[in-house]
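Biologist: I am new to this structure, and I would like to learn how to read its features one at a time. Could we begin with the ligand and then turn to the helices?

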Amino acid sequence: MHHTQPAPFPEGFLWGASTSGYQVEGGWDADGKGRSIVDARTQFPPGTTDYTVASDHYHHVDEDVALFAELGLKAYRFSVQWTRIVPDGDGAENPDGIAFYHRLIDGLLAHGITPVLTMYHFDLPQALADKGGWGSRATVDAFVRYSEILFREYGSKVEYWLTINEQNMMVMFGELIGIIDGPANTGVNVYQKNHHMLVAQARAMELLHRTVPGAKIGPAPNIAYVYPASPRPEDVIAADDLNAVRNWLYLDAAVHGRYNATAWAYLAAKGLTPDVEDGDLDVLASAHPDFLAFNYYATHTVAAPLTDEDRAAQGGRGGDQQIAFDDPGFYRAVDNPFLPKNAFGWEIDPVGFRMTFRAIYDRYHLPLLVTENGLGAFDQLEPDGTVHDQYRIDYLRDHIAQIQAAIGDGVDVLGYCPWSAIDLVSTHQGIAKRYGFVYVNRDDDDLKDLARYRKDSFAWYQTLIAGNALPD
Ligand code: BGP
């Protein structure tokens with residue numbers, strides 16, 4: 001469908017930007033913070049930094065919020081590190097850690113920026129991991145208690161809450177993105193962990209609604225709409241399988257409180273169905289998100305699986321959270337010949353963004369908030385302190401135009417929070433892979449002075465937000 005007039009962005013549209021705690025804050029053990037599984041990680045891809053300093057946002061918080069205000073952000077999506085609030089996950093509270101997020105939230109509110117708070121972004125307390133992590137039901141109770149503290153502390157200040165960032169990526173590609181929850185969890189069915197996270201999420205949603213009137217909460221999975229490689233019916237089934245397993249499993253559970261039938265059949269075929277205790281499905285059904293947040297970077301394209309023989313001859317395809325893997329017997333991941341790729345091999349598909357909006361909205365009829373989308377690139381800081389990232393402007397413009405198309409299609413879009421507000425450390429590709437509107441002066445092997453510089457995309461996004469429209 002072609003819209004002759006682009007739909008305007010609604011008044012109050014939440015133009016934002018995103019970060020996550022462990023990737024931006026640093027100060028990993030400051031002021032009583034406990035160790036998370038990310039802090040405990042020892043294996044990093046060659047040449048990439050750890051998260052001990054990151055962008056040192058913990059010590060630059062006022063300066064960073066002032067930059068967000070200058071940028072004109074209407075919303076800022078960040079995550080609270082569980083280990084700042086409850087250092088060992090389920091024991092004593094840490095007042096200094098609690099105070100840090102009050103300071104951040106108060107700073108945002110003082111500038112008229114709506115806080116969008118992610119409760120959990122990959123950083124499970126290591127002490128909980130040692131006791132079985134998400135493999136143990138005790139972690140569900142610990143998460144609910146942590147939620148209670150967050151709601152008590154920040155409930156009067158924060159309207160938009162996100163439960164768990166990219167639960168689907170943690171489940172499908174945990175090790176690949178460095179989310180390793182320790183020996184106590186080795187060999188535990190990841191879909192059992194997934195089930196516990198779904199129960200924890202549902203209890204948190206129900207608790208927020210019961211205790212903080214007017215607050216809104218939703219899940220935040222990574223959704224990549226899956227195309228069939230061709231109209232061959234077997235390819236279409238393969239795409240439908242991956243859509244179910246990667247995308248709808250998580251949203252069906254969050255919205256309808258039930259397991260997606262195709263995804264359940266996939267788990268059964270692999271011997272991975274979780275134990276579902278009495279009452280769990282009632283808990284899932286009792287929770288009702290107010291909106292759906294999702295992260296979008298690219299679509300996927302798959303074909304029918306190879307026969308064992310062909311597979312042995314050709315080998316399988318590996319990937320990461322945005323490059324689909326082969327799943328023998330279910331689907332074969334292929335490149336989409338119509339799409340370019342970024343410097344890290346991720347396909348770039350703005351039209352697929354529109355398709356993803358439509359597919360989600362059509363299934364769930366809830367307002368949608370984009371909590372990540374963006375371009376990782378090797379930016380260059382010039383001697384005069386400028387960074388010319390026209391490629392990022394092009395990427396953002398093309399994606400934002402497709403949001404407008406989706407709005408024209410009838411999708412209710414609350415806002416857009418691209419990744420990332422400022423440069424931060426990638427999940428598995430270091431800080432050389434930059435996403436921010438603000439350049440942070442450090443490298444993977446040299447902390448330099450951590451000074452902040454506005455990139456060209458900063459001025460461009462500033463103009464866009466001020467006009468509530470794509471600049472000419
Ligand atoms: C998502 C995560 C983020 C973020 C982003 C970019 O999967 O929610 O934490 O890092 O992708 O990915 P990467 O850091 O791997 O480039």
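**Reading the ligand site**

Modeller: An oxygen atom of the ligand is 2.9 Å from an N or O atom in the side chain of Glu-372, which is a polar contact, meaning a pair of N or O atoms within 3.5 Å. This is a predicted model, in which local features need pLDDT of at least 70 and side-chain atom pairs count only at pLDDT 80 or more, while totals for chains, interfaces and linings use all residues. Residues are numbered from 1 along each chain as its sequence is written, and side-chain values use heavy atoms, with hydrogens and water left out.

Biologist: How many residues surround the ligand?

Modeller: A residue is counted if one of its heavy atoms lies within 4 Å of the molecule; here there are 16, and the closest are Gln-23, Glu-166, Thr-427, Lys-433 and Tyr-435.

Biologist: How should I read the packing of α8 and α9, and at what angle do they pack?

Modeller: Helices are DSSP runs of H or I with at least four residues, strands are runs of E with at least two, and both are numbered from the N terminus. Axes are lines fitted to C-alpha atoms, for helices over the stretch in contact, and angles run from 0 to 180 degrees between N-to-C directions. Helix α8 (residues 190-211) packs with α9 at about 35°, their axes being 10 Å apart. On the α8 side the contact, which means heavy atoms within 4.5 Å, includes Tyr-191 and Leu-198, and on the α9 side it includes Val-245 and Leu-249.

Biologist: What does α9 (residues 233-256) do with α13 (residues 350-364)?

Modeller: Their axes come within 11 Å and cross at roughly 35°. Among the residues that meet are Trp-248 and Asp-252 in α9, and Ile-360 and Arg-363 in α13.

Biologist: Where is there a cis peptide bond?

Modeller: The cis bond joins Trp-419 and Ser-420, with omega about 10°, and Ser-420 lies in the loop between β11 (413-416) and β12 (438-440).

Methods. Polar contact = N/O pair within 3.5 Å; in protein donor to acceptor, adjacent residues only side chain to side chain.
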